[in-house]
Amino acid sequence: MSATRTLVLAWSALMCLLFATVGASFVLTGPWSIVTSLAIALAKAALIFWFFMHLREEAGLVRLVAIGAGAWLLILILLSMTDYATRPALGGMTN
Amino acid sequence: MAEPGFVREPFREIRQQHEADMLGMYIFLATEIMLFGGLFAAIFVVRVLHPIEVVEASRRLHYFIGAINTGILLSSSLAVALAVQAARAALARRAALFLVAAAALGVAFLGLKALEYSKEYDEGLLPVFSDPGRFSGPVEHLFMNLYLISTGLHAIHVTIGVLLLGGLALRLTGGALRLPDRVIVVEACGLYWHLVDVIWVFLYPVLYLAR
């Protein structure tokens with residue numbers, strides 16, 4: 001498969017995912033809406049990193065740095081959420 | 001991947017030099033991810049604390065303009081990826097054309113964003129500029145503050161990206177950037193543009209599609 005074809009296919013997949021995320025927003029609400037839209041966004045980001053940002057061609061070290069950035073972000077968000085998600089249960093500030 | 005070009009000090013082989021270049025750029029991009037990550041964490045916290053109000057505020061945004069802008073950025077990323085491919089094949093003119101196309105799409109994105117901000121100003125939804133009394137409540141005001149800061153910071157990044165891509169196209173057509181020796185410059189600018197695209201890919205559902 002030619003390199004151009006690969007890139008155009010990746011773009012087509014990205015556009016399909018864009019339609020999917022807009023479509024899902026009409027159907028889903030609440031937690032399912034967040035989970036679905038974030039899952040689609042993660043899939044889009046993975047396609048962009050893999051095909052457009054050359055991770056497909058790079059060795060392990062560069063891939064590790066890319067994953068590392070995501071991992072630190074996950075720590076930031078998850079640890080913040082443990083605080084806010086448990087406050088009401090502890091009888092503290094709920095609002 | 002290995003590519004043609006000269007090995008510069010302190011590197012011994014082209015593959016090692018390329019990996020170091022990519023690594024430096026990826027670490028810079030990681031700092032950008034953390035910069036926007038703080039804003040995303042704040043948006044998630046507001047949504048967890050006030051789920052109903054956030055969904056109401058999100059419904060008032062122009063999700064259709066946001067969707068078109070997402071498509072524009074995804075397409076501009078394709079153009080940049082094709083430009084890198086052309087640059088690797090030492091096709092300077094072709095690479096410059098793709099870069100100009102990507103920059104033009106970036107300008108279109110900024111134009112639509114400006115149109116959207118002006119619509120929100122008319123609707124009394126734009127913090128700083130609109131009358132605070134027109135917000136439905138403090139949560140909507142807070143949500144729109146986060147909206148303006150995150151999309152504004154993103155728009156600044158798009159502006160920088162447009163200037164980078166435009167400058168790169170000029171240097172390529174003027175022969176100031178020799179290919180394929182200096183292809184890493186095109187690749188690094190491309191990485192920056194793609195990351196700005198990735199950030200929008202997350203901003204769009206989190207802000208516009210909260211349901």
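This is a predicted model: local features need pLDDT of at least 70, side-chain atom pairs count only at pLDDT 80 or more; totals for chains, interfaces and linings use all residues.
Residues are numbered from 1 along each chain as its sequence is written, and chains are lettered from A in the order in which they are written. Local features need pLDDT of at least 70 and side-chain atom pairs count only at pLDDT 80 or more, whereas totals for chains, interfaces and linings use all residues, and side-chain values use heavy atoms, with hydrogens and water left out.

**Exercise 1.** Describe the fold of chain B from its helices and its contacts.

*Solution.* Begin with secondary structure, where helices (H or I, at least four residues) and strands (E, at least two) are DSSP runs numbered from the N terminus. Chain B has six helices and zero strands, and its pattern along the sequence is α-α-α-α-α-α. Next, take the extent: the C-alpha atoms of chain B fill a box of roughly 60 × 30 × 25 Å along the principal axes. Then turn to burial, for which buried means under 20% relative accessible area, exposed over 50% and partly exposed in between, with a 1.4 Å probe and protein chains only; of the 211 residues of chain B, 57% count as buried. Finally, consider contacts (heavy atoms within 4.5 Å): among those in chain B between residues at least 6 apart in sequence, 76% join residues at least 24 apart.

**Exercise 2.** Determine which residues touch the most other members of the largest nonpolar core, and where this core lies.

*Solution.* A nonpolar core is a set of buried Ala, Val, Leu, Ile, Met, Phe, Trp, Tyr and Cys residues joined through side-chain atoms within 4.5 Å. The largest one has 97 residues, of which A:Phe49 and B:Tyr26 touch the most other members. Its largest share, 20 residues, comes from helix α6 (residues 183–208) of chain B. Domain 1 (1–57) and domain 2 (59–89) of chain A, with bounds from an automatic or database domain assignment, both give residues to this core, so it lies between them. Leaving out residues up to four places away in sequence, the neighbours that A:Phe49 touches include A:Leu55, A:Ala66, B:Tyr26 and B:Leu195.

**Exercise 3.** Compare the span of helix α3 (residues 60–86) of chain A with its expected value, and find what its buried residues pack against.

*Solution.* The expected span is 1.5 Å times one less than the number of residues. With 27 residues, α3(A) reaches 38 Å from its first C-alpha to its last, close to the expected 39 Å. Its buried residues are A:Val62, A:Ala66, A:Ala69, A:Leu73, A:Ile77 and A:Met81, and the buried residues of this helix pack against α2 (30–52) of chain A together with α1 (14–49) of chain B.
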